[in-house]
Amino acid sequence: MLREETSPAPSVAEEELDEVRSSLRQLLQQAARPAMPAEPRPAAGGPGSLVGEVADTHHPELPGRVLVRWFSDSGQACEQWLQCLRGALPARGDRVLLEQPANWPERLVTGVLAGTAREPAAAAASAAASLKLAPEHCLRITDEADRALVEVHASSQGPVVRLLSDTLTLEAPRTLRLQAETIELQAGRGGVDIRTESDTVVRSRFIRLN
């Protein structure tokens, strides 16, 4: 007579050990997978193009941003300090084009609408740095060795530019012009030396030589 032998049932400790092994295997598989980058959050209203109006151009802490006001698709009034593309120099009151890239968290000022942009010279002048001098102060420019080169200060007769070096050279590849209502040239004991490799022409109604 044959007897059927049965294997003993696994103990509770072995079942718990198998569960721990399965959990560890899942954790290792998840750690080996590359992490997916977080999706950027676009600005309210989603990607697209809008037209806004510049309300201010001087941010107290973030240079290069302008305050733009616009209305969303639902008619809601929006206002935000936005970055501008390089070359876009809007002025207050200009209408600008706003672009919302799909992978950028805010809108960008991409250009100024025709008819509202200023002249390039005026835009460059407003973008240039300025320095206000008190009546008793002056502006001095020095070289890398801290030698004084030029000094600028205000006087009752107008601005004064004083060259602090012993020799000054003005060079121009083609033509050098000095234009004013009155031009005065005054030299000391060193005299005046005029040299040219061509003719010297003096045009005047009267020429007085003393």
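## Salt bridges

Arg140, Glu151 and Arg162 are linked in a network of salt bridges. The model is predicted. Its salt bridges number seven.

Arg92 pairs with Asp56, and the closest N and O atoms are 3.0 Å apart. This pair links distant parts of the chain. Arg92 sits in the loop between β3 and β4 (95-100), while Asp56 belongs to strand β1 (residues 48-56). The two are 36 residues apart. Arg92 is exposed, with a relative accessible area of 59%.

Arg147 forms a salt bridge with Asp143, again with closest N and O atoms 3.0 Å apart. Arg147 counts as exposed because its relative accessible area, 53%, is over the 50% cut-off. Asp143 is partly exposed, at 21%. Asp193 and Arg195 also meet through their side chains, at 2.8 Å from N to O. Both Asp193 and Arg195 are exposed.

## The β6-β7-β8 sheet

Three strands make up an open sheet, ordered β6-β7-β8. Their pairing is antiparallel. β6 (138-142) and β8 (158-163) are the edge strands; each has a single partner, so one side of each lacks a neighbour in the sheet. From one strand to the next, the twist averages 15°.

Five bridges hold the antiparallel pairing of β6 with β7 (residues 148-155). Thr142 stands opposite Ala148 of β7. Strands of a sheet pair through backbone hydrogen bonds.

## Pairings of β3

β3 (residues 77-84) runs antiparallel to β2 (residues 65-71), and seven bridges join them. Val66 has Leu82 in β3 as its bridge partner. The hairpin of β2 and β3 has five residues between the strands. In this hairpin, Gly75 adopts a positive phi near 90°.

β3 also pairs with β5 (residues 108-112). Here the sense is parallel, over two bridges. Gln83 stands opposite Leu108 in β5.

## The largest pocket

The largest pocket holds about 950 Å³ of space. Its lining consists of 14 residues. Leu178, Ile183, Glu184, Leu185 and Ile194 lie nearest the centre.

By class, the lining has nine nonpolar residues, four polar residues and one charged residue.

Notes
Residues are numbered from 1 along each chain as its sequence is written. This is a predicted model: local features need pLDDT of at least 70, side-chain atom pairs count only at pLDDT 80 or more; totals for chains, interfaces and linings use all residues. Side-chain values use heavy atoms; hydrogens and water are left out. Two strands pair if DSSP finds at least two bridges between them. Helices (H or I, at least four residues) and strands (E, at least two) are DSSP runs, numbered from the N terminus. Axes are lines fitted to C-alpha atoms, for helices over the stretch in contact, and angles run from 0 to 180 degrees between N-to-C directions. On a 1 Å grid over the protein atoms alone, a cavity is a set of points where a 1.4 Å probe fits but cannot get out, and a pocket is an open set with protein on both sides within 12 Å along at least five of seven lines; lining residues have an atom within 4 Å of a point. Grid points are joined across faces, edges and corners, and a volume is the space filled by probe spheres set on the points. Ala, Val, Leu, Ile, Met, Phe, Trp, Tyr, Cys and Pro count as nonpolar, Asp, Glu, Lys and Arg as charged, and the others, Gly among them, as polar. A salt bridge is a side-chain nitrogen of Lys or Arg within 4 Å of a carboxyl oxygen of Asp or Glu. Buried means under 20% relative accessible area, exposed over 50%, partly exposed in between (1.4 Å probe, protein chains only).
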